[in-house]
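Biologist: I would like to learn how to read a model like this one. Please take me through it feature by feature.

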Amino acid sequence: MAAEFEKPVRLEAGGEVIGVESPGYAAPCWADMDGDGRKDLLVGQFRGGKIQVFRNEGEGKLAAGDWLKVDGEVAEVPGVW
């Protein structure tokens with residue numbers, strides 16, 4: 001059985017289209033980052049190893065992105081190259 005996908009849509013956060021940097025290895029995923037029961041959008045950054053978090057405000061709306069932080073500092077995931 002072949003998979004069927006919906007038409008692609010551009011997601012917006014904070015009233016602006018979400019963009020990823022080139023070369024585009026963003027690998028977005030959904031996870032409830034703040035424990036409110038709604039899955040937030042996480043988008044990785046190829047250079048620098050940072051992750052942007054777009055909080056789910058409900059009703060299909062996402063807040064403007066902010067970097068994932070640990071103890072108040074922007075978290076970085078080291079790359080392999």
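Biologist: In which sense do β5 and strand β8 pair, and over how many bridges?

Modeller: First, the ground rules. This is a predicted model, where local features need pLDDT of at least 70 and side-chain atom pairs count only at pLDDT 80 or more, while totals for chains, interfaces and linings use all residues. Residues are numbered from 1 along each chain as its sequence is written, and side-chain values use heavy atoms, with hydrogens and water left out. Strands (E, at least two residues) and helices (H or I, at least four) are DSSP runs, numbered from the N terminus. Two strands pair if DSSP finds at least two bridges between them. Here, β5 and β8 (residues 66-67) pair in the antiparallel sense over two bridges. V53 stands opposite D66 in β8.

Biologist: In what order do the strands of the open sheet run?

Modeller: The order is β3-β4-β5-β8, four strands with antiparallel pairing. β3 (29-31) and β8 are the edge strands, as each pairs on one side only. β3 and β4 are joined by three bridges, again antiparallel. C29 has L42 in β4 as its bridge partner.

Biologist: How should I think about side chains along a strand?

Modeller: In a regular strand the side chains alternate between the two faces of the sheet.

Biologist: How many residues lie between β4 and β5 in their hairpin?

Modeller: Six residues lie between them, and G48 in the turn has a positive phi of about 90°. Strand β4 (residues 40-44) and strand β5 (residues 51-54) pair over four antiparallel bridges. G44 stands opposite I51 in β5.

Biologist: How many helices and strands does the protein have?

Modeller: The count is zero helices and ten strands. The C-alpha atoms fill a box of roughly 40 × 30 × 25 Å along the principal axes.

Biologist: What share of the residues is buried?

Modeller: Buried means under 20% relative accessible area, exposed over 50%, and partly exposed in between, with a 1.4 Å probe and protein chains only. Of the 81 residues, 20% are buried.

Biologist: Is N56 buried or exposed?

Modeller: N56 counts as buried because its relative accessible area is 17%. N56 belongs to strand β6 (residues 56-58). A polar contact is a pair of N or O atoms within 3.5 Å; within protein, one must be able to donate a hydrogen and the other to accept it, and residues adjacent in sequence count only if both atoms are side-chain atoms. The N56 side chain reaches the backbone oxygen of K39 at 3.0 Å. A plain contact means heavy atoms within 4.5 Å. Leaving aside neighbours within four places in sequence, N56 is in contact with D36, R38, K39, D40, K61 and L62.

Biologist: Where is V17 found?

Modeller: V17 is in strand β2 (residues 16-17). V17 counts as partly exposed because its relative accessibility is 46%. Not counting residues up to four places away in sequence, V17 touches R10, L11 and E12. V17 and A64 are 47 residues apart in sequence, and their C-alpha atoms are 9.8 Å apart.

Biologist: Which residues line the second largest pocket?

Modeller: On a 1 Å grid over the protein atoms alone, a pocket is an open set of points where a 1.4 Å probe fits, with protein on both sides within 12 Å along at least five of seven lines; lining residues have an atom within 4 Å of a point. The lining residues here are R10, L11, V17, I18, G19, V20, A26, P28, L41 and V43.
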